[in-house]
Amino acid sequence: VTSMTVNKENQGNDDDTVKILGKSVMIHSTTRSDLNGRRGYVSSYIPPNDRYLVHLDDDNNKNQQSSSLTPTSTPTLLSLKATNFEVIEQKTSQKEKLKASQSKKSVSLWKSTGRMIRKNYVGKVVLDGIGGGIDGVQKGVRGATSLAGEGINVVKHALAIGVGDIQIQIPELKVYRQHEKVKGVIHLNLREPMEANSLEVILKGCRTRDTYTEKGHTPGDSVGDESRTEEIVVCETNYTIEGKRIYPCQATFPFEVIIPQLTKTMSQNTKGTLVGGIVSAVSTIQAYMESPIVWSLEAQLHCASTLYPLYHSTGINVAEEEY
């Protein structure tokens with residue numbers, strides 16, 4: 001601890017007063033032995049009395065009082081002349097200096113470590129390797145995402161999804177008869193020119209049939225019986241419209257198909273006879289037991305790069321023929 005005695009000749013000088021205010025001081029040369037050696041700080045200056053108010057360090061600020069060195073109590077706030085105290089300056093201990101130095105060092109630890117590592121070739125290689133590893137992981141994630149997107153596109157292309165569109169068009173609301181020609185048009189709208197093996201039109205006629213499986217334990221018991229509807233293809237005819245070639249993005253292809261004669265025609269000599277009546281009755285019963293034929297036309301473009309064809313289907317009305 002170092003001390004600085006106030007210049008007695010310049011007591012009350014403004015510059016000295018400013019320097020003293022707020023300083024830590026040690027009390028001495030008073031008539032109170034219990035106050036001599038105590039420490040405090042100067043809070044203010046009283047010009048009329050040329051005295052200073054000094055707060056003792058153990059002042060709890062609860063019962064502050066002023067004293068002119070009366071011997072009857074131990075005051076917490078003293079009114080002293082400049083000759084009764086001296087300014088003291090606390091020296092920083094070695095331990096505190098070491099702590100402050102360590103604190104400063106810890107703040108710049110990472111920066112200095114980074115600089116040292118970069119100066120060293122091996123350290124630079126390690127840091128570059130870590131950075132390269134992070135970049136590699138990021139590129140790997142981006143690459144995996146890209147590959148996943150490409151994989152999805154490949155699957156879509158294989159399933160002919162997003163390749164383009166094909167439409168088959170025939171006259172609406174027209175009812176055809178067996179052995180009659182059906183004329184129509186195929187409209188092709190592809191995203192890009194594409195190689196295909198063939199362009200086909202398929203004429204198909206199907207019936208539906210319900211079958212029952214009895215699983216009842218007693219005659220007449222229908223509990224547990226199963227029913228199933230199955231499709232029976234009565235007729236299927238493929239017409240090749242175009243062969244293997246590069247098909248443009250947009251094109252129109254006319255086609256013509258013939259509905260086959262599935263019902264036998266009764267001769268004029270048989271009609272009106274007993275045999276003709278019996279045959280007609282059997283044919284009527286058989287037609288009642290069977291469902292009508294459902295006809296459809298389907299256009300298919302068999303692309304060389306897809307697993308499934310690009311297709312479109314539409315229904316066609318064909319009248320039932322009597323025997």
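Predicted model: local features only at pLDDT ≥ 70, side-chain atom pairs only at ≥ 80, totals over all residues.
## A hairpin to start with

How many residues lie between E3 and E4 in the hairpin that they form? There are four, and Asp-50 in the turn has a positive phi of about 50°.

Residues are numbered from 1 along each chain as its sequence is written, and side-chain values use heavy atoms, with hydrogens and water left out.

## The chain as a whole

Five helices and 16 strands make up the count for this chain. Of its 323 residues, 24% are buried; here buried means under 20% relative accessible area, exposed means over 50%, and partly exposed is in between (1.4 Å probe, protein chains only). The accessible surface of the chain is about 22,200 Å², and carbon and sulfur atoms account for 53% of that. Such areas come from the Shrake-Rupley method with a 1.4 Å probe, and for residues only the protein chains shown count as cover.

Contacts (heavy atoms within 4.5 Å) can also be sorted by separation in sequence. Taking those between residues at least 6 apart, 66% join residues at least 24 apart.

## How confident is the model?

The predictor's confidence in each residue is called pLDDT and goes from 0 to 100. For this chain the mean is 76, and 59% of the residues reach 70 or more. Over residues 7-12 the pLDDT is below 50, and this stretch has ten contacts in the model beyond near neighbours in sequence. Residues 59-72 also have pLDDT under 50, and there the model has 24 contacts beyond four places in sequence.

## Following the strands

Let us walk from strand to strand. Two strands pair if DSSP finds at least two bridges between them. Strand E2 (residues 24-27) pairs with strand E3 (residues 39-46) over three bridges in the antiparallel sense, and Ser-24 has Tyr-41 of E3 as its bridge partner.

The next step goes from strand E4 (residues 51-56) to E6, an antiparallel pair joined by four bridges. In this pair, Tyr-52 has Leu-80 of E6 as its bridge partner. Strand E6 (residues 77-80) is covered on both faces: Leu-77 and Ser-79 are buried on one side, as are Leu-78 and Leu-80 on the other.

## Around strand E9

Most residues other than glycine have a negative phi. Leu-173 is not a glycine, yet its phi is positive, at about 60°. This residue sits in the loop between strand E8 (164-169) and E9, and Leu-173 is exposed, with a relative accessible area of 82%.

The loop between E9 and E10 holds His-179, which is not a glycine either and has a positive phi of about 70°. Is His-179 buried or exposed? At 59% relative accessibility, His-179 counts as exposed.

Gln-178 is placed in the loop between strand E9 (175-176) and strand E10 (181-190). With 9% relative accessibility, Gln-178 counts as buried. The side chains of Gln-178 and Gln-261 are joined by a polar contact of 3.3 Å. A polar contact is a pair of N or O atoms within 3.5 Å; within protein, one must be able to donate a hydrogen and the other to accept it, and residues adjacent in sequence count only if both atoms are side-chain atoms.

Methods:
Helix = DSSP H or I, 4+ residues; strand = E, 2+ residues; numbered from the N terminus.
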